Amino acid sequence: MPHYPDAMPLSKTLFERARRVMPGGNTRTTVFVDPFPIYASKGEGCRVWDVDGNVYYDCINNFTAMIHGYRQPDVAAAVVDQLPFGTAFGAPTVSEIELAELLVERLPSVDQIRFANSGTEGVMMAIKAARAFTERPKIVKIEGAYHGSYDFAEVSLDSSPANWGDLPNSTPYARGTPRGVLDDVIAVPFNDIEALRAVFAAHGDTIAGVLIDPMPNRAGLIPARQDYLRAMVGIAHAAGALVIFDEVISFRLGYSGAQGLWDITPDLTALGKIIGGGFPVGAVGGRADIMAVFDPTRGKPALPHGGTFTANPVTMRAGLAAMRVLTKESFAHLDHLGTLLRDGVATSLGRHGLAGQCVGLGSLFKVHFTSHPVTDYRSVYPGQAERRKLDAFHKGLLGRGVLSASYGLFALSTPMTEEDARNILQAIDETLGDIAGQS
């Protein structure tokens, strides 16, 4: 098996080359690894190869987007069939209608939908739609939750003990974030009904909507409580505000996404990742009266929206093929593998005497090296010891042929078999054994 970083000399060379033309040799902060990332060369099924010829089980799947792994036959055929006819036009195509129809059918809360080119754009347009519909400025979001790189969505993404204080306390993610952005975003703790109620009591008539990922990855991958989500809908609606579900990641949890699992009806839903079949995509959908803010048929809409590559037919055809083969049986298979791995990791942590727990649902799980209850972002915020263990965990798995996120996230794919899952679990167990031996 590859030993990181010694078995990746070509990746090292490529990183040195990249540093000459890209800041830090990097275009995506999320893929950076110290001292250098591995460079991918190809993928097939649930595996990916690096440029040095090492092969890995892909347990990150381009940060949850590749739910069918690589070279899924229906998706590949859809792309190849489209290419001779063109990749993008300054005109709509039938393909966007067909994908929109499928998504509207799967999401009872969505009457109409619009496409974009990324999950970031989907969330951004959902926030702007809530503002346009309510004619209010403020957004409420969960502390530590990631919703892409729109300024307003990034607020309090990586707050730390140094600036926590009492909530709500909106903190900048990027240097130079305007004060006005911070003033119009209110960060609240996850799964805390009373905190939400207090914020609406103080600011309700200025709040356009509540932005919520029902299982926020960066905030710990802790599932929302159903009573919390139901209370959120009631509190927001009583104040004339909207509820925005960010299902860019959580749509992979079930046939109708997380909202189907929790039986919650949001006003707006942001989508991305799996709905593009491996190509850049985003979307916002919701109630027809809210989505009317985009409607240009009666003159300038309340919220104009365009994009050169939005709804391009390659993405639409790939997404349609990917979603058609993502059946209820596919989700049952992923649920089974996810349960097997979450239970197995929990058992392994106990066997090696390591403080830690494994959380998540469906095809997603995350490892936290902490023994106290995990309830929100602050409860899983890693100290130096936990960060060292996460780094050793990530790099130890690379050395055993498993590619995961550096912060402990794993995403499974439909081509994985139970045998694959058990092999992944064995690599996790061996890596945890090494960490225990070094503690």
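Mentor: Begin with a term: a residue is called buried when its relative accessible area is under 20%, and exposed when that area is over 50%. Keep in mind that the model is predicted.

Trainee: Is Cys 358 buried or exposed?
Mentor: The cut-off for a buried residue is under 20% relative accessible area. Cys 358 has a relative accessible area of 17%. That puts Cys 358 among residues classed as buried.

Trainee: How many disulfides does the count come to?
Mentor: A disulfide needs two cysteine sulfur atoms within 2.5 Å. For Cys 46, the closest cysteine sulfur is in Cys 59 at 8.0 Å, so the distance is too far for a bond. Cys 358 is in no disulfide either, as its nearest cysteine sulfur, again that of Cys 59, is 12 Å away. The count of disulfides comes to 0.

Trainee: Which helix do the buried residues of α3 pack against?
Mentor: Helix α3 spans residues 73–82, and its buried residues are Val 75, Ala 78, Val 79 and Gln 82. Viewed down the axis of α3, these fall within an arc of 95°, so they line one face of the helix. Pro 73, Val 80 and Asp 81 are exposed on the face turned away from that buried side. The buried residues pack against residues 313–324, helix α12.

Trainee: Which backbone nitrogen does a side-chain oxygen of Gln 72 reach at the start of α3?
Mentor: The contact involves a side-chain oxygen on one end and a backbone nitrogen on the other. The two atoms are within 2.8 Å, and the nitrogen belongs to Asp 74.

Trainee: Which strands stand at the edges of the open sheet?
Mentor: The sheet has 4 strands in the order β1-β2-β3-β13, with mixed pairing. Two of these strands each have a single partner, so one side of each is left without a neighbour in the sheet. They are β1 (40–44) and β13 (402–403).

Trainee: What is the bridge partner of Trp 49 in β3?
Mentor: Strand β2 covers residues 47–50 and strand β3 covers residues 55–58. They pair in the antiparallel sense over 3 bridges. In β3, the partner of Trp 49 is Val 55.

Trainee: At about what angle to β3 does helix α16 run?
Mentor: Helix α16 is formed by residues 418–438 and lies across β2, β3 and β13. Its angle to β3 is about 105°.

Trainee: Is Phe 200 buried or exposed?
Mentor: Phe 200 sits in helix α8, residues 193–203. Among the residues it touches are Val 140, Ile 207 and Ile 235. At 8% relative accessibility, Phe 200 counts as buried.

Terms used: Residues are numbered from 1 along each chain as its sequence is written. This is a predicted model: local features need pLDDT of at least 70, side-chain atom pairs count only at pLDDT 80 or more; totals for chains, interfaces and linings use all residues. Side-chain values use heavy atoms; hydrogens and water are left out. Buried means under 20% relative accessible area, exposed over 50%, partly exposed in between (1.4 Å probe, protein chains only). The arc is that of the directions from the helix axis to the C-beta atoms. Contact means heavy atoms within 4.5 Å. A polar contact is a pair of N or O atoms within 3.5 Å; within protein, one must be able to donate a hydrogen and the other to accept it, and residues adjacent in sequence count only if both atoms are side-chain atoms. Two strands pair if DSSP finds at least two bridges between them. Axes are lines fitted to C-alpha atoms, for helices over the stretch in contact, and angles run from 0 to 180 degrees between N-to-C directions. Lists of a residue's contacts leave out its neighbours within four places in sequence.
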